[in-house]
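Here's a quick briefing to read with the model open beside you.

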Amino acid sequence: MINVKHFVFSDYADKYGHLVPIEQNKDVPFEIKRVYYIHNVPYGVRRGFHSHYNLHQMLICVNGNVKILTKTPYEEEVTVLDSPEKGLYIGPMIWREMYEFSSNAVLLVLASELYSVPDYIRDYSLYEGEAKKYF
Ligand code: T46
């Protein structure tokens with residue numbers, strides 16, 4: 001869907017284990033200014049419920065699995081992140097919700113900007129209006 005893209009990273013595996021390298025502007029389509037990770041999410045919790053005006057992010061479930069709903073006023077899809085090789089790129093003006101975290105899930109996020117509260121749209125009806133102008 002628009003502003004959402006699925007990535008598969010190179011996984012270098014040998015008898016010593018696996019290594020997945022990620023470089024800005026090469027493996028992800030932006031410069032990485034911030035990294036955070038979500039873990040130990042209690043059973044049944046759903047997070048997110050917002051969009052961003054300008055942020056570009058890459059979501060990678062480096063352990064366990066999680067579902068990600070991405071949505072605009074016109075389309076939506078659900079992505080299962082269940083491998084450290086899989087990345088979900090989410091660009092500007094996409095509503096997202098993360099749910100069904102496995103108990104061991106660690107969701108790593110690479111972000112194009114520093115944390116900015118004004119960049120969030122947390123009210124869905126405000127989001128719908130802004131997204132209809134944007135798309
Ligand atoms: C997103 C999804 C995938 C900070 O202080 N700095 C940060 O960089 C971030 C991301 C969060 N926080 C604080 C703000 C809140 O007090 O951490 C707390 C939890 O944040 P939030 O409720 O926004 O978490 P999620 O899981 O709903 O959303 C997060 C990101 O905020 C968001 O950008 O796209 O993960």
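A polar contact here is a pair of N or O atoms within 3.5 Å; within protein, one must be able to donate a hydrogen and the other to accept it, and residues adjacent in sequence count only if both atoms are side-chain atoms. With that in hand, an oxygen atom of the ligand sits 2.7 Å from an N or O atom in the side chain of Gln57. Keep in mind that this is a predicted model: local features need pLDDT of at least 70, side-chain atom pairs count only at pLDDT 80 or more, and totals for chains, interfaces and linings use all residues. Residues are numbered from 1 along each chain as its sequence is written, and side-chain values use heavy atoms, with hydrogens and water left out.

**Ligand site**
- An oxygen atom of the ligand is also 3.0 Å from a polar backbone atom of Gly48, and an oxygen atom of the ligand lies 3.2 Å from an N or O atom in the side chain of Tyr36.
- On its own the ligand exposes 650 Å², and the protein buries 68% of that (Shrake-Rupley areas with a 1.4 Å probe; for residues, only the protein chains shown count as cover).
- Of the 13 residues around the ligand (a heavy atom within 4 Å), Arg34, His52, Gln57, Arg96 and Tyr120 come nearest.

- Gln57 brings us to strand S6, residues 57-63 (strands are DSSP runs of E, at least two residues, numbered from the N terminus).
- Five of the seven residues in S6 are buried (under 20% relative accessible area, 1.4 Å probe, protein chains only).
- S6 runs antiparallel to S11 (residues 106-111), with six bridges joining them; strands pair if DSSP finds at least two bridges between them.
- Ala111 in S11 is the bridge partner of Gln57.
- S6 is also antiparallel to S9 (residues 86-90), through three bridges, and Leu59 has Leu88 in S9 as its bridge partner.

**Nonpolar packing**
- The largest nonpolar core has 16 residues, and Leu59, Val66, Ile68, Leu81, Phe101 and Leu107 touch the most other members (a core is a set of buried Ala, Val, Leu, Ile, Met, Phe, Trp, Tyr and Cys residues joined through side-chain atoms within 4.5 Å).
- S6, S7 (66-71), S9 and S11 each supply at least two residues of this core.
- A second, separate core of nine residues includes Phe7, Ile60, Tyr89 and Leu110.

**The five-strand sheet**
- An open sheet has the order S8-S7-S10-S5-S12, with antiparallel pairing.
- Its edge strands are S8 (76-81) and S12 (120-121), each pairing on one side only.

Technical notes:
Buried means under 20% relative accessible area, exposed over 50%, partly exposed in between (1.4 Å probe, protein chains only). Helices (H or I, at least four residues) and strands (E, at least two) are DSSP runs, numbered from the N terminus.
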